[in-house]
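Work through the exercises below with the sequence and the model open. Each task is followed by a solution in steps.

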Amino acid sequence: MGASATAEQALRRRGTTLFLLTVAYFFSYMDRQILAILQEDIRRDLLLTDTQLGLLAGLAFAIFYATLGLPVARLADRGNRVTIISIALALWSAMTAVCGLAQNFVQLLLARIGVGIGEAGSSPPSHSIIADLYPPERRAGAMGIYSLGVVLGAAGGTMIGGALAHYFGWRTAMFAVGIPGVLLAIVIKLLVIEPPRGLSDPGKAQGAGDMPPFAAGFRSLFADRAAVHLVMGVTVTSLIGYGTTAFGPSFMIRTMGMDKLQIATVVAPVGGLCGSLSAVLGGWLANKAAVRFGLHAQSWLVLAMKAVGLPLSFLFLLSTDPWVAVPLYWASLLLTNSYLGPTFALIQGLAPLRMRALWAAVTLLVINLVGLGLGPTLIGIVSDFLKPTLGDAEALRWAMLTLSAATPWALFHYWRAGAALKRRTEASA
């Protein structure tokens with residue numbers, strides 16, 4: 001197939017491609033998040049501490065997920081991104097099913113490492129494909145739709161995992177969410193068209209140019225002031241988000257007295273809807289803001305929505321009545337999940353054409369080593385530290401509150417990113 005025919009077919013299928021990449025992202029987060037709703041069962045079955053649970057959800061997973069994302073991204077900037085995504089999806093799905101066979105902490109740890117290795121091959125090439133299929137003024141909206149995989153995957157893992165664990169046990173839940181991903185990998189390989197690079201960027205030669213040295217990708221990103229602040233903002237946000245999400249179901253069970261089925265059938269479905277609305281609305285508003293005020297407004301929009309959502313998050317964690325706390329949680333999700341689409345769209349727009357997957361991987365490296373790696377681990381360590389004085393339930397509450405207090409740090413970086421982008425636009429005018 002000629003280049004022009006490939007480009008035309010890729011554009012015709014971009015809606016299907018975005019849908020399938022979003023579903024793959026959904027499976028990624030479902031397989032990652034299912035551990036949260038199963039933690040209390042696993043803790044009792046395998047006799048684990050909160051620190052061990054934090055390691056399983058965070059650092060052990062993140063080290064391999066983040067660091068292997070770099071060579072995978074390098075490969076994605078050179079080779080066929082669709083093939084990479086398909087292989088990665090099949091691997092992490094199979095390893096999720098293997099988690100259900102674990103008989104002790106070490107076996108479960110090794111299986112989770114396998115999940116992290118597989119998931120390393122998903123997001124960087126997906127970001128790169130989406131950036132090639134959608135022009136800059138529509139990219140935040142497309143990334144917002146793609147980011148639905150986060151909120152729907154987290155909700156799906158909680159809903160499916162919680163319901164299956166309630167009736168059949170946590171091991172069956174692991175098998176049930178892992179195996180379908182292998183089938184999805186085949187569908188993606190058969191239906192998704194690899195788009196020419198730079199397809200939707202006016203004035204950029206499609207697929208042209210030599211591949212820059214690996215180190216140049218790091219230097220180019222960290223030499224860009226706006227990109228650095230965006231990476232810092234999304235990293236601190238992820239530190240808080242990954243930590244509180246990993247222990248959210250345990251907090252509701254242990255501290256608020258809820259059960260898995262209530263969380264799976266009531267909390268998670270509405271939470272998934274609120275988070276989805278936030279992701280789509282955030283992307284849509286970011287597109288509108290970029291057209292009316294310039295790209296810098298996208299960063300400030302994230303700042304505003306997160307600032308309004310912060311008090312709601314605090315009130316949720318401080319509440320003692322679950323049916324007062326849960327609506328506050330839903331309300332906070334309407335605002336706080338809006339950041340992913342605009343952030344990644346801005347980073348992809350700033351990235352050199354032949355470094356898009358690499359910039360995405362560097363961003364995800366920092367996000368996941370710091371956010372995913374340290375967020376759940378810190379909450380687990382702080383919770384275990386506070387247990388002798390506060391007890392099992394309150395220790396977890398105050399560990400989560402301590403981490404959430406870092407939110408203003410993230411807001412600072414989104415403000416500085418917007419300011420840097422605005423100066424750049426004014427200088428080029």
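A charge sits over a ring if NZ of Lys or CZ of Arg is within 6 Å of the ring centre and within 35 degrees of the ring normal. The model is predicted.

**Exercise 1.** Find which residues lie over the faces of Trp 415 and Tyr 339.

*Solution.* Start with Trp 415: Arg 416 lies over its face, 5.2 Å from the ring centre. Then take Tyr 339, where Lys 306 is placed over the face at 5.3 Å from the ring centre.

**Exercise 2.** Classify the aromatic pair of Tyr 25 and Tyr 29, then the pair of Tyr 29 and Tyr 242.

*Solution.* A pair of aromatic rings is described by the distance of the centres and the angle of the planes. The whole structure holds eight aromatic pairs. For Tyr 25 and Tyr 29 the centres are 5.3 Å apart and the planes stand at 90 degrees, so this pair is edge-to-face. These two residues are four apart in helix 2 (residues 14–46), about one helical turn. Tyr 25 and Tyr 29 are both buried.
Next, Tyr 29 and Tyr 242 are stacked, with 6.4 Å centre to centre and 10 degrees between the planes. This pair links distant parts of the chain, 213 residues apart: Tyr 29 belongs to helix 2 and Tyr 242 to helix 13 (residues 225–254). Tyr 242 is buried as well. Finally, one aromatic cluster is formed by Tyr 25, Tyr 29, Tyr 146 and Tyr 242.

**Exercise 3.** Describe the lining of the second largest pocket by helix and by class.

*Solution.* The space in this pocket is about 160 Å³. Helix 5 (69–78), helix 6 (81–99) and helix 7 (105–119) each give at least two lining residues. Helix 6 has the largest share, five residues. By class, eight lining residues are nonpolar, three polar and none charged.

Terms used:
Residues numbered from 1 in each chain as written. Predicted model: local features only at pLDDT ≥ 70, side-chain atom pairs only at ≥ 80, totals over all residues. Heavy atoms only, no water. 1 Å grid on protein atoms, 1.4 Å probe; cavity = no way out; pocket = protein on both sides within 12 Å on 5 of 7 lines; lining within 4 Å. Points joined across faces, edges and corners; volume = space filled by probe spheres on them. Nonpolar A, V, L, I, M, F, W, Y, C, P; charged D, E, K, R; others polar. Phe/Tyr/Trp six-rings, centres within 6.5 Å; stacked < 30°, edge-to-face > 60°. Buried < 20%, exposed > 50% of the residue type's maximum accessible area, 1.4 Å probe, protein only.
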